[in-house]
Amino acid sequence: MKELYPWQQEAWQSLQGLRTRLPNALLIKGAQGIGKLEMALGFAQSLLCETPSVSGLPCRQCDSCRWFGQGTHPDYRLVQPEALSNTEDGNEKEGGKKPSREISVDQIRALASFANLSAHRGGYRIVLVHPAESMNINSANALLKTLEEPTGKLLFILVTHKPQQLLPTILSRCLSLPVNTPSREVGTAWLKQQGVENPENALAQSGFAPLLALHWAEAGEGTEEINILLSAMQRPAQMDALMLADKLQRCAPVQVVHCLQQWCYDLASAKLTGQVRYFPEQMEILKKLSVNVPAMRLLRYQKELQTAKREAFHPLNPKLQFESILLSYRQVFASSGA
Ligand SMILES: [Zn+2]
């Protein structure tokens, strides 16, 4: 952890308030792409640090911090899906088996011996579970068992952007700490500092998740394609869904669906309130388009996009998925003369 993101001050202070009376389990929750994991890691590191700063940041110099940085601290465990642990060496393991996207029950059971040890360094032992919603029912139950028999000076930190997917019995055993999504001003200013072009647009299109916006900007991922999509959406009657779907193949499916969702959000918003959220520059065209769109039809399409988004994380055939949602988009405007 280099430093706190500017929008995390409040949550960080709440964490500092807990230092002297830590719960058995802490749930750090908030939107995706706002740096919850970095903050959780920073907190874990600072609890283990021998000489944290006045504001509670880890010193990054002591033995503890060094071990933590190398991932070898004896009093710390990070539990995450296999797919996140080895992102660099591609998607496939030996034997062609894909790494799991779930936290397995074995990973949780393996904590048992760790949970029963006393700390090497005499302080806390910490287990960080991320993303907590990737526990399946078996691993969640195994974790629950551990939480039900708290041992002294052992802290679980769960990080999630989908707390509603966690077992209520787990939720009830965690102290919940919400991390706020940054305001438009704070997020834009931060992206500008990072050298992102059109920071305001980038922020809005990422759903106000600055880290996601930065990632997209740095990777230059699909920027060109998304611009093609944007201009096509402004002229639904002329949209060639099949050709467009073909062009969009270089984008992450999630990014395409996300863009359509935000566009439709703005269409609905322009229609109902005359305001837009994600595409301020296209306000006029959105207003014009929205006039002839039946609200019910738009709503139905938004539901279709929600389903598409769930599938977008592992689509069988992205091109087919794109074709289908683009054809439906045209359909929304079909007899409206737009
Ligand atoms: Zn330190």
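This is a predicted model: local features need pLDDT of at least 70, side-chain atom pairs count only at pLDDT 80 or more; totals for chains, interfaces and linings use all residues.
1. Helix α7, which covers residues 137-148 and so has 12 residues, reaches 16 Å from its first C-alpha to its last, close to the 16 Å expected at 1.5 Å a residue.

2. Within α7, the buried residues are Ser139, Ala140, Ala142, Leu143 and Thr146. They cover an arc of only 160 degrees around the axis, which puts them on the same side of the helix. On the other side of α7, Ile137, Lys145 and Glu148 are exposed. An α-helix has 3.6 residues a turn, so residues three or four places apart point the same way. As for what the covered side meets, the buried residues of α7 pack against α5 (105-109), α6 (111-116) and α8 (168-171).

3. Strand β1 (residues 25-29) is mostly covered, with 5 of its 5 residues buried. Ala25, Leu27 and Lys29 point one way from the strand, while Leu26 and Ile28 point the other way, and all are buried. In a regular strand the side chains alternate between the two faces of the sheet.

4. The pairing of β1 involves strand β4 (residues 154-160), to which it is joined in the parallel sense over 5 bridges, and strand β5 (residues 175-178), with which it runs parallel over 4 bridges. Ile28 has Val159 as its bridge partner in β4, whereas Leu26 stands opposite Leu175 in β5.

5. Which residues touch the most other members of the largest nonpolar core? They are Ala44, Leu128 and Ile157, in a core of 83 residues. Helix α14 (residues 253-273) gives the most to this core, with 8 residues. Domain 1 (6-178) and domain 2 (221-332) both give residues to the core, so it lies between them. The contacts of Leu128, not counting residues up to four places away in sequence, are with Ala40, Leu41, Ala44, Leu78, Val79, Ile157 and Val159.

6. On the overall arrangement, the protein is divided into domain 1 (6-178) and domain 2 (221-332), and 37 Å separate the centres of the two, taken over C-alpha atoms. The C-alpha atoms of the protein fill a box of roughly 70 × 45 × 35 Å along the principal axes, and the secondary structure comes to 17 helices and 5 strands. Buried residues make up 35% of the 338 residues. Among contacts between residues at least 6 apart in sequence, 68% join residues at least 24 apart.

7. Some places in the backbone deserve a separate look. Most residues other than glycine have a negative phi, and most peptide bonds are trans. A cis peptide bond joins His130 and Pro131, with omega about -20 degrees, and Pro131 has its place in the loop between β3 (125-129) and α7.

8. Arg60, which is not a glycine, has a positive phi of about 65 degrees and lies in the loop between α2 (36-48) and α3 (63-70). With 16 other C-beta atoms within 10 Å, Arg60 is partly exposed. Asn198, likewise a residue other than glycine, has a positive phi near 45 degrees and is found in the loop between α9 (184-193) and α10 (199-205). Asn198 is also partly exposed, with 14 other C-beta atoms within 10 Å.

Notes:
Residues are numbered from 1 along each chain as its sequence is written. Domain bounds come from an automatic or database domain assignment. Helices (H or I, at least four residues) and strands (E, at least two) are DSSP runs, numbered from the N terminus. A residue is buried if 20 or more other C-beta atoms lie within 10 Å of its own, exposed if 12 or fewer, and partly exposed in between; C-beta atoms are placed from the backbone. The arc is that of the directions from the helix axis to the C-beta atoms. Two residues are in contact if their C-beta atoms, placed from the backbone, lie within 7 Å. Two strands pair if DSSP finds at least two bridges between them. A nonpolar core is a set of buried Ala, Val, Leu, Ile, Met, Phe, Trp, Tyr and Cys residues joined through C-beta atoms within 7 Å.
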